[in-house]
Amino acid sequence: MSAITVNLNPIIQLTDNQFYQLCRENPEVKFERNAEGKLLIMPPTGGETGNRNSEISADFVIWNRQTQLGICFDSSTCFKLPNGANRSPDVAWIRKERWNALTPEEQEKFPPIAPDFVLELMSPSDSLRETQAKMQEYIDNGVKLGWLINPKMRQVEIYRIGKPIETLASPQELLGEDILPGFILNLQIIWG
C-alpha cells in the first residue's frame, strides 16, 4: 500500500499549529504534508524494512556520538521544509550549530529547517517515482546530501545539491563525503 493523499484544501487549509495538533491527536497515523498542503497518510513499514531502518539509524547514532558534529533524527521526526511541506525522512541529520540556532519551541514541534542529510529506504510498498520526487524536493529545499536506498533493485541514488543524481548498482558502502565526515554506511545490512 502506498501513501494515501487527502486534499482538505477546498474545506480547510491547516495552519502549522493545526497540522501539528492533528499529528499529536492521532499518534498511530504517520502524516506528511506536501507543498500544496495535501495530507499524505503513510503506511507502516513491514518487519524487514523496520529492521533495516533500525540498523541504519544505529550506525548514524554511533558515528554522531563519536564525532558530536550534529543531531540525528529517526523516521518519526517531521520537518517543515522552506517550501511549506512537512516531511519525515527515514534518517536525517543536522549540523549542531544549525540545530542550536532554532528556538526551543521550533526544536520541540516540527522543526522549520531542511536537514543537512536525509536518507530514504524504499519499502516494498513505496513508489519509486514518488520517493525520487521527495528526494528532489529535499535537495530543492537545501538538503546537501541525500541517499535513496532501493533494496529490491539493489541500487542507491545519491542526491547532492547542485549536482546530477548519481546511481550506484549494489555498492558495498556509502561515504558521508564532506557533509558527514568519516561516516561509512556498510550496505551488507541492506543487501544481506
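Me: What volume does the largest pocket have?
Reply: A pocket is open, whereas a cavity is a space that a probe cannot leave. In this predicted model, the largest pocket has a volume of about 640 Å³.

Me: How many residues line the largest pocket, and which lie nearest its centre?
Reply: Lining residues are those with an atom within 4 Å of a pocket point. Here the lining has 32 residues, and nearest the centre are Glu-32, Met-42, Glu-120, Asp-126 and Lys-134. Two or more lining residues come from each of strand S2 (30-33), strand S3 (39-42), helix H2 (47-67), strand S8 (117-121) and helix H5 (128-140). H5 gives the most, with 5 residues.

Me: How does the lining of the largest pocket divide by class?
Reply: The classes are nonpolar, polar and charged. For the largest pocket the lining has 14 polar, 10 charged and 8 nonpolar residues.

Me: How much space lies in the second largest pocket?
Reply: The second largest pocket holds about 360 Å³ of space. It is lined by 16 residues, with Cys-23, Ser-76, Thr-77, Cys-78 and Phe-110 the closest to its centre. Helix H1 (16-25) and S2 are the elements that give two or more residues to this lining.

Me: Which element gives the largest share of the lining of the second largest pocket?
Reply: That element is H1, with 3 residues. By class, the lining of the second largest pocket has 7 nonpolar, 5 polar and 4 charged residues.

Notes: Residues numbered from 1 in each chain as written. Predicted model: local features only at pLDDT ≥ 70, side-chain atom pairs only at ≥ 80, totals over all residues. Heavy atoms only, no water. 1 Å grid on protein atoms, 1.4 Å probe; cavity = no way out; pocket = protein on both sides within 12 Å on 5 of 7 lines; lining within 4 Å. Points joined across faces, edges and corners; volume = space filled by probe spheres on them. Helix = DSSP H or I, 4+ residues; strand = E, 2+ residues; numbered from the N terminus.
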